Amino acid sequence: MKKFNTSVVCNPRKHYMVDISDKIDRIIKNYIEPGNYFTINRGRQYGKTTTLSTLATRLHDHYYCLQISFEWADSMFTSEYRLASGFISRIKKELILEHVPEELIRKWDEPVDKEDPLSDLDRRITELCANSDRKIILMIDEVDRASNNQVMLQLLDLLRDKYIQREKGRDFTFHSIILVGVYDIKNLKMRIRSEEVHQYNSPWNVTVKFEEDLSFSPKEIAGMLREYEADHHTGMDTCSLSELIYDYTSGYPVLVSDICKHLDEMVAGTEAFPDQTTAWTSGGVTEAVRIIEHERTPLFEDMIKQLTDYPELKDMIKRILFEGESIAFNAFNDVLNLARMFDYIKSVKGRVEVSNRIFEVVLYDYFLSEEETGNITKKDAELNRNGFIINGHLNMDAVLYKFAEHYSSVYADNDRKFVEKFGRKIFLMYLKPVINGTGNYYVEAQTRDEKRTDIIVDYHAEQFLVETKIWYGPKYNENGEKQLCEYLDRLGLTKGYLLTFSFNKNKKTGIQECTFGDKILLEVTV
């Protein structure tokens, strides 16, 4: 029986997979057939290796596809001789697997010239490609993992120069080269940190821009769910679940597979979801997401490591999340480029957003946890938690009432600047220990700005909408009430919560319940 896979390469015989055949067709047509050199750079666990493997399988009948990886190749990059001999050794194995004629393999595997190893490698590539009965594709995975990139760049320089000479009709070389990794070749400068200066490398400027979207669309996710449904007959609504999974993941491949894997293996069979029929529902997806957000996965560990390694990146994401800062995307900004390269952010209508809801919550929780130790807000929420959970249900009214009391006693004397920067953060700090371990939350990116933020809370299949905002006058408040009611409509909810931080001397603080048509708003002003 097939399983969902979240590690290494997906195998269609063993794993439920999104059908990426249309993507592969476009890659072949737009990049391989024209003989282009290109890089595939995406975040960790973005399906790059699986894409490469699937592409090689499709090309096998017409090309020789040589697949090598630099993941465990540190020793290759300690000298030119080790570079040449290591590269030749790895290619030899691929030539054997591809059943290249033995005479070509024998010539390729001759002893390396120790005096001028790179010129020797140059010659071998020419002879191999000139005499091969098929065009040869070179695929290098984990190209950014070399510990000494300066030596590795010598290999890239050699391949670039041979490409240029080929285009002039003066050399033979690989028909197409694909370099795969997280870091783009032109951004390897960010990984080379000498003791005295950050080294800037010239771009590998023969590459064409790779524009194929490797994320999974709702339609593609639905295709995978239909394959699973054909085997398990859960009765799931594949269309609505694929849309929901996409809403949480924005199609980030490993997150899509991880939700499905959790539904299949961890959610189904629990007390709340006793079988697969109950698990493969919107409530089951919410539970799977909650579990994932609290796990210590390699993807999340790498994210936290990058934030530690790049403080400017961490500071920028904190400003986006907590202060609602609107940042215009600029491809020449190193910090923004780095964040997009890791797939932590995306550009939406020219503005920067965190790339998906799951990343947002993991980041929120991480940033909040840095300040939780000894935090008086967290302690107050934990002290009152039993009064917020009644028979397994979250009493959001009680949460807002108690938060208003807590805020008035601890933060009431702070100025507007402080609250504009930290108000929502304080509320999330209060909310997190209340729902932690049972519920989850996310912040609606489209409404997050310096004036308002919508927070959606899921708790035991119940959903709550809390809008936080700064008081800017009665007209703005009326607009906020209208927007909140419209959003409640979209979510299918009848009650919402409006948390307002006010600095208007004429505006009374307090709590009131208002009715707008069929909607009830609990308005809390502090």
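Arginine 160 and aspartate 161 are joined through their side chains in a salt bridge, 3.5 Å from N to O. A salt bridge here is a side-chain nitrogen of Lys or Arg within 4 Å of a carboxyl oxygen of Asp or Glu. Arginine 160 is buried, because its relative accessible area is 15%. Aspartate 161 has a relative accessible area of 38% and is therefore partly exposed. Buried means under 20% relative accessible area, exposed means over 50%, and partly exposed lies in between (1.4 Å probe, protein chains only). Salt bridges that share partners also join Asp120, Arg123, Arg124 and Glu127 into one network.

The model is predicted: local features need pLDDT of at least 70, side-chain atom pairs count only at pLDDT 80 or more, and totals for chains, interfaces and linings use all residues. Residues are numbered from 1 along each chain as its sequence is written, and side-chain values use heavy atoms, with hydrogens and water left out.

The chain contains 19 helices and 15 strands. Helices (H or I, at least four residues) and strands (E, at least two) are DSSP runs, numbered from the N terminus. The C-alpha trace spans about 85 × 60 × 40 Å along its principal axes. The chain has 526 residues, and 54% of them count as buried.

Across the whole structure, a search finds 30 salt bridges. Side chains of opposite charge can pair when their charged atoms come close. Arginine 58 has a relative accessible area of 38% and so is partly exposed. Aspartate 25 is also partly exposed, at 36% relative accessibility.

Another salt bridge joins the side chains of aspartate 122 and lysine 162, with an N to O distance of 2.6 Å. Aspartate 122 lies in helix H5 and lysine 162 in helix H6 (residues 149–167), so the bridge ties together parts 40 residues apart in sequence. The two partners fall into separate accessibility classes. Aspartate 122 is partly exposed, at 29% relative accessibility. Lysine 162 is buried, because its relative accessibility is 2%.

Aromatic rings provide a further set of contacts. The count comes to 28 aromatic pairs. Rings of Phe, Tyr and Trp (its six-membered ring) pair if their centres lie within 6.5 Å; planes under 30 degrees apart count as stacked, over 60 as edge-to-face and the rest as tilted. Tyrosine 344 and phenylalanine 359 form an edge-to-face pair, because their ring centres are 6.2 Å apart and their planes lie at 75 degrees. This pair links distant parts of the chain, 15 residues apart. Tyrosine 344 is in the loop between helix H14 (334–341) and strand S6 (345–348), and phenylalanine 359 is in helix H15 (residues 357–369). Tyrosine 344 is buried, at 4% relative accessibility. Phenylalanine 359 is buried, at 0%.

Tyrosine 366 and phenylalanine 367 form a tilted aromatic pair, 5.6 Å centre to centre with 50 degrees between the planes. Both of these residues are buried. One aromatic cluster is formed by Tyr46, Tyr183, Tyr252, Phe300, Tyr310, Phe342, Tyr344 and Phe359.

Leucine 338 is located in helix H14. With a relative accessible area of 4%, leucine 338 is buried. Leucine 338 and isoleucine 177 are separated by 161 residues in sequence and by 24 Å in space, C-alpha to C-alpha.

Glu80, Asp113, Glu115 and Asp116 form a negative surface patch. Patches are made of residues with over 30% relative accessible area and no salt bridge, with like charges joined within 9 Å and nonpolar side chains (Val, Leu, Ile, Met, Phe, Trp, Tyr) joined within 5 Å. Aspartate 116 sits in the loop between helix H4 (102–108) and helix H5 (117–131). At 35% relative accessibility, aspartate 116 is partly exposed. Aspartate 113 is placed in the loop between H4 and H5. Aspartate 113 is partly exposed, with a relative accessible area of 35%. The C-alpha atoms of aspartate 113 and tyrosine 411 are separated by 73 Å, and the two residues are 298 residues apart along the chain.

Conventions
Accessible areas come from the Shrake-Rupley method with a 1.4 Å probe; for residues, only the protein chains shown count as cover. Lys and Arg count as positive and Asp and Glu as negative; His and the chain ends are not counted. The place of a charge is taken as NZ of Lys, CZ of Arg, CG of Asp or CD of Glu.
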